[in-house]
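This report describes one protein chain for a reader who is new to structures. Please keep the sequence and the 3D view at hand while reading.

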Amino acid sequence: MMPDTTDLPFPRVEPVGDNPTLLWGMDARERLRRIASALGLPDSGTAGDTVLLANLEYAFDPAWMRHLRGRRDCVLTRDGVAVLAHVADADRMAVRDAMTQGTTLPPHLTILPAEDEGGIFDEALRKRERPFAERLVPANVPAIERASYVGAYKGVTDVLTKYLWPEWAFVLTCIAARIGLSPNGVTAIGSVLCIVATIAFWHGWFWTGMATGLIFMVLDTVDGKLARCTITSSKLGNAWDHGVDLVHPPIWWYAWGVGCAAYGRPLTDDVFWGVMAAMLFGYVAQRLIEGAFIVRFGMHIHMWRPFDSRFRLVTARRNPNMVILFAAILVARPDWGIVAVAWWTMTSLLVHLVRLMQAMARARRGDAMVSWLA
């Protein structure tokens, strides 16, 4: 079994070799520096500390460094070549020689082949994956960038983000990286489009709002993927992106309801306020249930069992709700659409509430509460 030393201080990071090949606009040394900084790993240390050696002839998913930082005496290999190694200072030179000269690794080290089908569990991205580790040469850059992008994608998400956005967002992520547009710049553009869509919905310009909202929703994927691929995540960007995500959906639904009158399909006062109350209550209550599940069981509710992961594809979040509204304007009945979204919101709330109660009942019986992805 791989040794786990997560209670020990993190190792310092030391690059081995050099590589001018650019990946997402960064050379290997700069990319390593950003990964180490994002993970809180020092670039220097005192004698006796452990060291995390990185072979710059290879590009690897940041998930591997996160995985190895708490596991001493472990070496990640690709085709038998050492790529990353968390070792004691006493083994430092022997591992460096293995990386640069192909000598044999010390026998007491645990080998972790990147080709292992078992992969690792990434809780932040809600998936079990086999992160990439590939030789970094110009011919491999397109494939590595795609692997890097795919690796940044959440495994448990909604149906549009999982199946429709990936290729569109990949192209836009590549363009943004090439022209030097920052993730916060993408978020800023998306925020403006979000406001434009709100105004369009308010005035009953549903096709205009839907088109603008579609671009915003894709960019909402791009900013996060760009930040992960270029390793430029920031507290400001994270708060900004999540803040917009959290606040705008109820505003969109209200604007849509108001816009039904301008479109010529007004809701009665009773239906309008009933729909708005149901959607706002359902939206907030679902978020609270998700938070309670995390606090109580240490994982997201949609990571518990396969059913929960599948239900996340269609649960009443913004993107699945927009599919319902799109279907409604196809038949020129936006009023039916917003009523349907209200019903689906309350149905999703009921499903989440039942799953929370079931989880609490199982925990009281002493059952282990572990994600099926783990």
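## The chain as a whole

The model is predicted. Its chain has 374 residues, and buried residues make up 50% of them. The secondary structure comes to twelve helices and nine strands. Along the principal axes, the C-alpha atoms fill a box of roughly 75 × 55 × 35 Å.

The chain exposes about 17,500 Å², and carbon and sulfur atoms supply 63% of that area. Contacts can also be sorted by distance along the sequence. Among contacts between residues at least 6 apart in sequence, 74% join residues at least 24 apart.

## The nonpolar core

In soluble globular proteins, nonpolar side chains tend to be buried together. In this model the largest nonpolar core has 71 residues. Those with the most contacts inside this core are Trp24, Phe60, Met65, Leu76, Leu84, Trp256 and Ile338. Helix H7, residues 206–229, gives the core its largest share, nine residues.

Leaving aside neighbours within four places in sequence, Met65 is in contact with Val13, Leu32, Ile35, Ala36, Leu39, Leu41, Leu52, Phe60 and Leu84. Of these, Phe60 and Leu84 are also listed among the core residues with the most contacts.

## Strand S5 and its partners

Strand S5 covers residues 81–88, and six of its eight residues are buried, so the strand is largely enclosed by the rest of the structure. S5 is joined by five bridges to strand S2 (residues 50–55), and these two strands run antiparallel. In this pairing, Leu53 stands opposite Ala85 of S5.

Five bridges also join S5 to strand S4 (residues 74–78), again in antiparallel fashion. Here Arg78 has Val81 in S5 as its bridge partner. S4 and S5 form a hairpin with two residues between the strands, and in this hairpin Asp79 takes a positive phi near 55°.

## Salt bridges

Side chains of opposite charge can pair when their charged atoms come close. The count for this model comes to 17 salt bridges. One of them joins Arg96 and Glu14, with the closest N and O atoms 2.6 Å apart. This pair links distant parts of the chain: Arg96 lies in helix H3 (residues 92–101) and Glu14 in strand S1 (residues 12–16), 82 residues apart.

Are the two partners buried or exposed? Arg96 has 22% relative accessibility, so it counts as partly exposed. Glu14 has 13%, so Glu14 counts as buried. The cut-off for buried is under 20%. Glu14 and Arg96 also belong to a network of salt bridges that includes Arg92.

## Glu30 and two arginines in helix H1

Glu30 forms a salt bridge with Arg33, the closest N and O atoms being 2.8 Å apart. Glu30 also forms one with Arg34, where the closest N and O atoms are 2.9 Å apart. How does the helix place these residues? Arg33 and Glu30 are three residues apart in helix H1 (residues 28–38), so about one helical turn separates them. Glu30 and Arg34 are four residues apart in H1, so they too are separated by about one helical turn.

Glu30 is partly exposed, with a relative accessible area of 24%. Arg33 counts as partly exposed at 48% relative accessibility, and Arg34 is partly exposed with a relative accessible area of 22%.

Conventions: Residues are numbered from 1 along each chain as its sequence is written. This is a predicted model: local features need pLDDT of at least 70, side-chain atom pairs count only at pLDDT 80 or more; totals for chains, interfaces and linings use all residues. Side-chain values use heavy atoms; hydrogens and water are left out. A nonpolar core is a set of buried Ala, Val, Leu, Ile, Met, Phe, Trp, Tyr and Cys residues joined through side-chain atoms within 4.5 Å. Buried means under 20% relative accessible area, exposed over 50%, partly exposed in between (1.4 Å probe, protein chains only). Contact means heavy atoms within 4.5 Å. A salt bridge is a side-chain nitrogen of Lys or Arg within 4 Å of a carboxyl oxygen of Asp or Glu. Two strands pair if DSSP finds at least two bridges between them. Accessible areas come from the Shrake-Rupley method with a 1.4 Å probe; for residues, only the protein chains shown count as cover.
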